[in-house]
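Student: Could you walk me through how to read a few features of a model, step by step?
Tutor: Gladly; let us start with the terms and then look at the case.

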Amino acid sequence: MSNATSPSKEVQLSAATHHACVVGMGWGDEGKGKIVDLLAGEFDVVVRFNGGANAGHTVRIGSDSFALHLLPSGVLRDKAVSVIGPGVVVDPVALVEEIEGLESRGIDLSGRLMISDRAHLVMPYHKLEDRLRDSGAQGKKIGTTAKGIGPCYAEKMLRSSAFRMVDLVHLERQAERLKAVCDRKRAILTAMGADDASLAGGEVEFEQIRATLESTRQKLSRFVAETTAWLDDAVCKGRQLLFESANGMLLDIDHGTFPYVTASHTGLNGVPAGAGVSPHLVRRCVGVSKAYATRVGNGPFPSELMDERGERIREVGREYGTTTGRARRCGWLDAVSLRQTKLLGGVTEIAMMHMDTLSGMDEVGICTGYHLRGETLRSIPADAEDYAAVEPEFEMLPGWKDDVSGVTQFDALPAEARQYVQRVEELVGAPITMVSVGPERNQTIHRS
Ligand code: GDP
Ligand code: IMO
Ligand code: MG
């Protein structure tokens with residue numbers, strides 16, 4: 001190995017450069033795609049390190065809207081290299097579709113996309129297993145995206161039956177093992193309740209899966225690479241790296257609202273392992289939060305608004321899922337959970353999104369405390385049933401009437417909107433450096 005990768009040099013360079021990470025502070029869909037795209041103009045490399053096609057990151061450029069699932073949200077900046085790290089679970093069919101979708105819109109990824117050879121493959125049987133497990137008959141119904149994320153990460157932990165990007169490239173070496181795994185999956189999924197109709201899509205058919213993988217191999221092989229050494233080299237050359245989280249910190253497998261979570265580490269905690277970089281590399285972590293809270297899928301949500309105010313936020317904010325189209329549950333911003341995810345996510349600053357969506361409300365609420373059976377809680381309880389029983393305490397602030405979607409300076413916001421931003425800063429204990437007032441790049445107020 002060349003001395004370019006020696007640890008001392010890496011530490012020296014990382015102190016001098018400004019690598020950054022963007023994480024979601026809630027239950028996903030906070031607006032990470034917009035912020036990554038916005039920041040990506042200043043970075044050389046954008047790296048996805050967790051999750052898979054459960055993510056749906058929207059980037060709006062003028063009248064064009066892009067929904068990205070596996071590709072980093074830096075792909076629309078032609079100078080940035082996009083890297084899909086080893087910690088991402090890649091559905092090769094979905095990735096090919098996404099790449100071809102961009103190509104059909106004139107965006108060519110040649111020479112600027114790398115997929116880690118260590119990234120695991122989401123197989124058709126993982127998606128079927130996801131649906132069967134989440135039917136409610138197999139335990140708690142989580143309301144997953146049905147993209148096969150949990151079963152694929154579980155397979156990764158089991159190891160012997162897992163397939164990775166490197167196996168796709170050398171598919172001919174995998175035929176025997178793939179056949180054995182397909183046969184075993186047929187037995188397992190049948191025992192889980194899969195009948196002929198649910199297996200009609202060829203989810204466990206060896207020949208069909210092999211043919212599909214072969215066609216994706218032809219398209220993806222040229223992008224597959226050893227990304228860990230490449231990223232290390234990029235760091236040593238002084239390149240600026242931006243890490244993009246999928247999902248949100250409240251969906252983190254260890255620190256989220258288990259079991260209503262996803263299957264990966266979603267904050268800065270996920271970066272070293274999932275991207276394959278030094279844990280000392282990233283000092284700046286932008287936590288993205290809406291000016292209110294949303295959640296898709298099941299699970300407790302103490303500040304949820306079950307009345308017309310929640311419906312209003314959903315309609316004005318167009319709160320429908322980018323990946324599944326499901327209506328998002330909406331509620332007031334929750335300063336208690338934000339304090340917790342600030343800590344666990346390694347957040348050093350906050351981007352507050354959708355300030356425009358709250359315009360026109362008489363008053364806006366912030367959840368400032370949790371009470372359970374007469375006790376005040378310091379943090380989210382481990383038991384989801386306790387969390388569902390929490391009584392939230394709210395602080396109500398005056399709303400603002402004016403449309404703020406054209407505001408470009410913080411001082412030009414209505415006084416009530418400024419007061420709201422400052423109160424959230426106080427309660428969460430982190431500076432809000434960006435305030436977003438619409439989906440487009442230029443609808444962003446930068447604060448020093
Ligand atoms: P992500 O998964 O965190 O990238 O977020 P999504 O893309 O799933 O959802 C965020 C949605 O809000 C997208 O439709 C964005 O275009 C949109 N959006 C982002 N910021 C703003 C904002 O400040 N105001 C409004 N009205 N929409 C926004
Ligand atoms: P982005 O990156 C919102 C939620 C699902 C479900 C739970 C588990 O767009 O913010 P999974 O399919 O991961 O096993 O589902 O997690 N979920 C998300 N919700 N945005 C996401 O991603 C999500 N990724 C997973 O709705 O409740
Ligand atoms: Mg999303």
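Tutor: A residue is called buried when its relative accessible area is under 20%, exposed when over 50%, and partly exposed in between, with a 1.4 Å probe and protein chains only. Before we apply this, note that the model is predicted, that local features need pLDDT of at least 70, side-chain atom pairs count only at pLDDT 80 or more, and totals for chains, interfaces and linings use all residues. Residues are numbered from 1 along each chain as its sequence is written, chains are lettered from A and ligands numbered from 1 in the order in which they are written, and side-chain values use heavy atoms, with hydrogens and water left out.

Student: Is Cys 21 buried or exposed?
Tutor: Cys 21 is buried, as its relative accessibility is 0%. Cys 182, at 1%, is buried as well.

Student: How many disulfides does a search of the whole structure find?
Tutor: A disulfide is a covalent bond between the sulfur atoms of two cysteines. The cut-off here is a pair of cysteine sulfur atoms within 2.5 Å. The search finds zero. For Cys 21, the nearest cysteine sulfur belongs to Cys 285, 4.4 Å away. For Cys 182, the nearest is that of Cys 152, at 14 Å.

Student: Which residues come nearest to ligand 2?
Tutor: A residue is near a molecule if one of its heavy atoms lies within 4 Å of it. Ligand 2 has 20 residues around it, and Asp 29, Lys 32, His 57, Thr 145 and Thr 262 come nearest. By class, this shell holds seven nonpolar, ten polar and three charged residues. Here Ala, Val, Leu, Ile, Met, Phe, Trp, Tyr, Cys and Pro count as nonpolar, Asp, Glu, Lys and Arg as charged, and the others, Gly among them, as polar.

Student: What lies 2.6 Å from an oxygen atom of ligand 2?
Tutor: For polar contacts, look for a pair of N or O atoms within 3.5 Å; within protein, one must be able to donate a hydrogen and the other to accept it, and residues adjacent in sequence count only if both atoms are side-chain atoms. A polar side-chain atom of His 57 is 2.6 Å from a ligand 2 oxygen, and a side-chain N or O atom of Lys 32 is also 2.6 Å from an oxygen of ligand 2.

Student: And which contacts does ligand 1 have?
Tutor: A polar side-chain atom of Ser 436 lies 2.5 Å from an oxygen atom of ligand 1. A side-chain N or O atom of Asp 29 is 3.0 Å from a ligand 1 oxygen.
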